[in-house]
Amino acid sequence: MFGFSNPLGVLLCLLLTCLLGTSAAVAADRPNVLLLCIDDLRPELACFGKDYIHSPNIDQLAAAGRSFHRHYVQAPTCGASRYALLTGRYGPSGNGALFARAKQVASPNANVPPSMPGWFRQHGYTTVSVGKVSHHPGGRGGSDWDNDQQPEMPGDWTRHLLPAGSWQHPRGAMHGLANGEIRGQAGKMDVFQSVEGPDTIYPDGLITNRALEELEQLAGETTEQPFFLAVGIIRPHLPFGAPAQYMQPYRDIELPAVAHPEKPDGKTTWHGSGEFMKYNRWGRNPNEDAEFATAVRKHYAACVSFADAQVGRVMQRLDELGLRDDTIVILWGDHGWHLGEHAVWGKHTLFEESLRSPLIVSYPDIPAPGQSTQAIVETLDLFPTLADLAGLPKPDFVHGASLRPQLESPQADGGTAISYASARTIRTDTDRTIFHKGGHVEFYDHRRDPGETQNTAAEHAEIVKKRRETLEQRLADRD
């Protein structure tokens, strides 16, 4: 049909060649995206002002981009926070949020807005996830989180991967300790450890190895399709296990005192640190044992340095492949983590420590690289931001807004941040208000009380009223 003896065939061939060439050129012109997701990462990094933390690779990324020092997640738990990241929408507050969305996608006459990787895939990107990007590492359900028939985000990833190694399956890797130790009963697994060996004695070493392999494969495909690669590092999630070399910088240092370590008075979202306390703690409680509290904090720091090393390996390979100048890089923490503040060891509160996490965006020719911003931004802003930077159509179904103003000028104003768990909260430039079911309200004036220790809701009735109105308006279209 398309033989050269047929004039119509010649014309059609030329047209097809032109169209394919144009498509390839468009693909080549679009930047790649590298999204680095790190679990339970506090903004406890050198580039965020914590000089006792060894995080040279993340610091280098911040020096080449924009660090957002007041970035807030939508929920202080993995699944719900990642829902907001991957959909750009306010959603459910539980860890099953993405699986619930998957059921909606599969239902007849479904009208579910595209996810972020789905949007990029629809617009010509190869989308790959390695490690913990959605709630389950590898993005599957089933008893061991490896059932191909139960994708957490159906149709959104070209490939979604979790190399389990000696941990047998993604569920084993999620809470794995050194050399294939899998969590059965949490009470029989140590809450922290430091073991001699290479990075691959813990699951994140294998995750990073696979991410490097994927980068190499994707590098060979970029002339046809740009890529969206998401890499999910598990540490510093509990239990706090990392190779001994990452503990070394912390063995003999003196950590600063824990800020506001007292249990708050009155009704708050304080909890008894059940996720932490269920592990083997050798009969010790960090709220009552200062020496043990320091040991916990040092092992957490070692896990941060371990995660930082994985970031460094990925960034080094990106540079070696000559892709850095064609790639937008984002580092995102899925929520914060209390290390004794408010007498909590964990996440799941609506205090600052649970909701504030690191965010760094880097891309070629970013204005004023290395300058941070104090603008208040939210996780769900990342979807429209990446679409904007990549030149994709604007996703008008998201609840966030592009961060281009703050990327172009670190002095640009931010907005307000909404988060939710069993209660709901709004964070403004000056204060935090928390609304509980039943009518109880907490109000913290950050100009006088940055530790959120004094509830002054009774003194700020008019402000509380305005904050409620704003919060309800913002959540009116919540999934």
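Guide: Helix α3 lies across β1 (32-38) and β11 (327-333), and runs at about 170° to β1. Angles go from 0 to 180 degrees between N-to-C directions, with axes fitted to C-alpha atoms, for helices over the stretch in contact. Helices (H or I, at least four residues) and strands (E, at least two) are DSSP runs numbered from the N terminus. The model is predicted: local features need pLDDT of at least 70, side-chain atom pairs count only at pLDDT 80 or more, and totals for chains, interfaces and linings use all residues. Residues are numbered from 1 along each chain as its sequence is written, and side-chain values use heavy atoms, without hydrogens and water.

Visitor: Which strands does helix α12 touch?

Guide: Helix α12 (residues 382-390) touches β1, β9, β11 and β14 (359-362), where contact means heavy atoms within 4.5 Å.

Visitor: What is the strand order in the open sheet?

Guide: The order of the seven strands is β2-β14-β11-β1-β9-β4-β7, with mixed pairing; two strands pair if DSSP finds at least two bridges between them. β2 (66-67) and β7 (159-161) stand at the edges with a single partner strand each, so one side of each has no neighbour in the sheet.

Visitor: And in which sense do β4 and β9 pair?

Guide: Strand β4 (residues 126-131) pairs with strand β9 (residues 227-233) in the parallel sense, over six bridges. Thr 126 stands opposite Phe 227 in β9.

Visitor: Back to α3: at what angle does it pack with α4?

Guide: Helix α3 (residues 78-87) and helix α4 (residues 97-106) pack at about 50°, with axes 8 Å apart.
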